[in-house]
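Please examine the structure shown here, with attention to the fold of one chain and to the packing around it.

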Amino acid sequence: MATGSRSEIILEELTAVVLLTLMGAAAIGMARQRNLYGVVLLSGIYSFLMATVMVVLDAVDVAMTEAAVGAGISTVLLFGAIHLTGGTESKPIHRPWLPLLVVAATGAMLVYGTLGLPAFSDPGAPIHQHVAPRYLTEGPVKTGVPNVVTAVLASYRGFDTLGETFVVFTAGIGVIALLGRRRPRRPIDKAGEENKE
Amino acid sequence: MRLDIILRVLAKLLIPFALVFGLYVQFHGDYGPGGGFQAGVIVAAAVIFYALIYGLPAARRVVPTEVVQTLMAVGVLLYSGVGIASILLGGNYLDYFVLGADPVSGQHRGIFWVEMGVLITVASVMLKIFYVFAGRRRDAEETEE
């Protein structure tokens with residue numbers, strides 16, 4: 001997509017700007033909303049918009065993950081959590097001005113930091129000079145896998161992916177440790193009738 | 001719960017396609033977008049969909065909690081096992097070149113099993129987290145009554 005004509009590039013940038021504006025609107029809506037069901041729905045919409053941005057950036061693998069995890073499973077899990085905790089956010093005790101100041105200052109610093117980065121999709125940027133050309137030219141030949149993302153993920157960076165898999169595993173173990181072991185705390189007379197499920 | 005016949009029929013229609021799509025994303029990941037992480041989430045989402053429509057006990061009968069819990073560890077063990085296998089065949093840890101007759105087929109074999117390990121762990125962890133959350137909700141409702 002990035003190698004298209006001038007009008008295509010303008011159209012792509014316009015799509016990205018529209019999507020990012022909608023994401024900003026969703027984020028502001030989430031911050032203002034007190035009904036948590038609305039917040040979860042908006043965060044699902046936010047994730048879908050993010051996935052679309054990833055498609056615009058030609059990162060379809062990331063887009064697929066974002067759509068499935070961010071918009072799909074997170075929404076279901078958050079609805080489950082809301083069902084436990086209740087659907088309305090209580091009024092904040094503190095005034096929002098100090099947190100707002102901290103967030104605005106951090107955001108301004110991040111924006112200032114991006115000024116030092118190379119221009120968007122600049123082929124001369126350091127990240128495109130280091131190992132990326134080797135992955136792109138050698139990857140399909142050496143691994144026999146046409147999708148470079150898979151070749152890098154599973155083969156070149158196999159150790160990283162092993163670590164990621166262990167992170168997912170550890171997250172599951174953590175959830176089981178925190179929420180899964182609740183039976184011993186029950187009163188003895190109730191334990192018998194509830195074991196039948 | 002008995003009036004949602006449209007949802008039940010639609011779920012029955014859609015879940016097989018979701019599972020097949022998960023397998024497609026898994027095994028076509030070499031050529032198109034996808035891989036173990038995405039496929040694992042899609043497979044878990046299909047079972048979660050079943051649980052949302054037919055209820056948690058029905059889903060637990062189809063995919064028991066103990067199986068899910070075991071598979072969480074099976075996935076990481078499979079991934080680590082590929083590394084051990086490549087050591088035993090004379091290479092470094094996770095060096096796929098030694099796994100096949102020629103380097104390219106070795107890479108194919110290594111990537112296949114590694115992605116399989118990722119699929120198993122991701123799908124079962126997502127499902128387990130859902131089971132734990134949803135199961136807690138049932139318990140909370142029961143104690144309120």
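## Basis

This is a predicted model, in which local features need pLDDT of at least 70 and side-chain atom pairs count only at pLDDT 80 or more, whereas totals for chains, interfaces and linings use all residues. Residues are numbered from 1 along each chain as its sequence is written, chains are lettered from A and ligands numbered from 1 in the order in which they are written, and side-chain values use heavy atoms, with hydrogens and water left out.

## Fold of chain B

Chain B has 5 helices and 0 strands (DSSP runs of H or I, at least four residues, and of E, at least two, numbered from the N terminus). Its radius of gyration, taken over C-alpha atoms, is 19 Å, well over the 15 Å that the globule rule (2.2 Å times the number of residues to the power 0.38) gives for 145 residues, so chain B is more spread out than a compact globule.

## A buried glutamine

Q26(B), in helix α1 (residues 5–27) of chain B, is buried, with a relative accessible area of 5% (buried means under 20%, exposed over 50%, partly exposed in between, with a 1.4 Å probe and protein chains only). A polar atom of the Q26(B) side chain lies 3.3 Å from the backbone oxygen of E115(B).

Note on methods
Polar contact = N/O pair within 3.5 Å; in protein donor to acceptor, adjacent residues only side chain to side chain.
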